[in-house]
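Please keep the sequence and the structure in view while reading.

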Amino acid sequence: MKTLTKETKLTLLYITIAFVFSIALRMIWYYEFNGYEPFMFNNQLMINTNDGYYWAEGARDMLSGASQKNDLSPVSSAASLLTAFFAAILPFSFESIILFMPAVMSSLIVIPIILIAKNLNNLEMGFIAALLASIGHSYYNRTMIGYYDTDMLNIVLPMFLLWSIIWAVRTNEDKYLLITALDILVYRWWYPQSYSLEFAFFGLILLYALVWDRKNFYNYKLLAIMLFAMMDIDILVRFIFVIASFFIFKQERFNKYIYHILAASIVLFFASGGFNPIWGQLKGYVLRDSVTAVQDGMGLHFYSVLQTVREAGHISFETFASRISGHIITFIAAVAGYIYLVYRYKVMLLGLPLIGLGFLAYVGGLRFTIYAVPVLAFGVAFLITEIARVLPTKKLKYLSMLAFTLMILYPNIMHIKEYKVPTVFNADEVSVLDKLKNIADREDYVVAWWDYGYPIRYYSDVKTLVDGGKHSGAVNFPVSFMLSNPQDVAAKLARLDVEYTERAFKIAEENRDKNLTLFSNIEEMTKDYGFKDTNDFLLSLEGDVKLPQKTRDIYFYLPYRMTNIYSTVATFSNIDLMNAEMGKDALFYMSNNFKQDKNIVNLGNNISFDMQNATVSIGKNVVPVKRFVQTAYDKDMKLVKKIDTINESAPISIIYMSNYNAFLVLDETSYSSLYVQLMVLEEYDRGLFEEVILSPHAKVYRLKI
Ligand code: MN
């Protein structure tokens, strides 16, 4: 065996230290909460990102082999497959694997960073950049322990790609052709939306080749093999193309065909549709989503999630800078350092697509900043090593590097210490779902708001109508309607929506080859029941309706935490689907922060309750109170309630939920909603529902119709 060179040993040492450093800092969150019962399940901390439950469901199903049709479980996804693989070979619990996977995978980012620096003969720069990038503010947020999502490799893989194209361009060694192409295959497999970055890298290499290195065959080989890897066909076919072209490129005698092969790769790339997603994205930027989505057929107007999830918003320069580098000064130094680095090594221009994507945060939302973290870390690390270079003694060089490195790390470490995100669900909610798993069948449906879809499916192994990926206005509408309307219409719509959802799966499957437009369930129901107006159909639910054949059970999952978003939930069905007119908001006000002053309870937001006169003041309006309700849980955790009807014709009710230390101020619409009746008051119609699990954190009912 060859003995390792001193440089190789140092490279390995730096990689090891940076990797351990990255994991060690992530352990801060773990030790902060480990053992805190509300965050634990199966003797392990739970994950802290909602979407993680999606990949976890896929991995669970892969391991058990229990994959069902139309359960929306991502059994063939890369993230689930990798998780299942680790769970199968490692001696840790599934809960531990999904908890720690992000920390371990994301820390791999130190490898390409240090290897890129090795190519520039500046290992110290790589080491410093690796320390900073691995724990950089926004990179940490999306790769911390428990942040189980594709983010764990979404920056690592393009950084490996950057490493291999830098080495390709600088060394012209054949092996980097293969590594680059394989990295594209893996990256695309892991994250199908990776095409924009791949294409940006491709464009820069093309530019680089045309401007500086036109006569070099190697560049055209690199471009051709990248295009083969980026075609829009099955990964196996692309793999074969990549391997075949690699063996051709390795042989000098085929050099005279390189332009033919490049031309063929361009034709195949376009012909296979490789450019379509990029074109689609460009079009998407030009034609921004309109306020309400209209589809063909009846042309119903649904309320769109985009209207509530406004991640984009305006972010300040300071937020932007500190999310990328930890501090505004570090950020400015990093940008200056990067420009200087590019001036010295123009190959570092290849990092521009990552910086560009990071800067998209200004228009596209905070989540983009992570892309800029590693490349800009090179910038500030380069400045630090350049300062050290001009210092006179070795001792001074190392002292200055140490001091500056600690300075740039400090704000990021402080951020980690203060970033105490909770788990997605608490232990009580999960224990409800865990019990439900043994009650409900795999094919049964659980009705709940989309925020809870993935965790419900993971813990209870059931089906859901909506989830973190399926929450368009059309599918949210019926769920919102069920939760915010009286229980009899809600019950009927639940049966209808579940059966229509299953029917739509079947129709889609039977017509897979035809280009069939599927309309929303609510539109199909309206037409099937002989109405031309959805409002008339919805109104008809109040009377006798012949419901479709029952094929499975339906459960309602009603968590207490939904009180915080009830108004938003209700908005999705408070729209006239025929003309997009929004209805008047129902009153649903919750106060956790109230003060009593004699007979007046001040509920905040200019709302107060006069106990003596039984009136509520909302701003300048004084309104009489219809009922005053007080709820509490007895020592067996059974709900006890006292309802005082004060004024039968008054419009507003007050509920004091003593154990939650919260007041609700409701109009009659909110008071009679399924959510308030079944979750807050446990007032359910015995003909329609039966109780399954009642805990103060979450209540589950089974539909009887
Ligand atoms: Mn399932």
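## Basis of the description

Helices (H or I, at least four residues) and strands (E, at least two) are DSSP runs, numbered from the N terminus. The model is a predicted one, in which local features need pLDDT of at least 70 and side-chain atom pairs count only at pLDDT 80 or more, while totals for chains, interfaces and linings use all residues. Residues are numbered from 1 along each chain as its sequence is written, and side-chain values use heavy atoms, with hydrogens and water left out.

## Domains

The domain assignment, whose bounds come from an automatic or database source, gives domain 1 (6-418) and domain 2 (584-690). The C-alpha centres of domain 1 and domain 2 are 50 Å apart.

## The second largest pocket

A pocket is here an open set of points on a 1 Å grid over the protein atoms alone, where a 1.4 Å probe fits and protein lies on both sides within 12 Å along at least five of seven lines; lining residues have an atom within 4 Å of a point. The second largest pocket has a volume of about 430 Å³, a volume being the space filled by probe spheres set on the points, which are joined across faces, edges and corners.

Its lining comprises 21 residues, of which Ser484, Ala570, Ser573, Asn574 and Thr669 lie nearest the centre. At least two lining residues come from each of helix 24 (473-484), helix 27 (534-540), helix 28 (566-571) and helix 29 (668-671), and helix 28 gives the largest share, 4 residues. By class, the lining divides into 8 nonpolar, 9 polar and 4 charged residues, where Ala, Val, Leu, Ile, Met, Phe, Trp, Tyr, Cys and Pro count as nonpolar, Asp, Glu, Lys and Arg as charged, and the others, Gly among them, as polar.

## The manganese site

The protein donors of the manganese ion are Gln68 (OE1) and Asp461 (OD), which lie 2.1 to 2.6 Å from the ion. Because glutamine 68 lies in the loop between helix 2 (52-64) and helix 3 (78-89), and aspartate 461 in the loop between helix 23 (453-460) and strand 6 (463-464), the pair ties together parts that are 393 residues apart in sequence. Donors are N, O and S atoms within 2.8 Å of the metal (3.2 Å for Na, K and Ca), and since water is not among the atoms, sites may look incomplete.

Buried means under 20% relative accessible area, exposed over 50%, and partly exposed in between (1.4 Å probe, protein chains only). Glutamine 68 is buried at 14%, and aspartate 461 is buried at 8%.

In strand 15 (residues 652-657), 6 of the 6 residues are buried, so the strand is largely enclosed by the rest of the structure. Ile652, Ile654 and Tyr656 point one way, and Ser653, Ile655 and Met657 the other way.

Two strands pair if DSSP finds at least two bridges between them. Strand 13 (residues 621-633) pairs with strand 15 in the parallel sense over 6 bridges, with valine 629 opposite isoleucine 655. Strand 16 (residues 662-667) runs antiparallel to strand 15 and is joined to it by 6 bridges, with serine 653 opposite leucine 666. Strand 15 and strand 16 form a hairpin with 4 residues between them, and asparagine 661 in the turn has a positive phi of about 55 degrees.

## Other positive phi values

Asparagine 43, in the loop between strand 1 (40-41) and strand 2 (44-45), has a positive phi near 60 degrees and is exposed at 77% relative accessibility.
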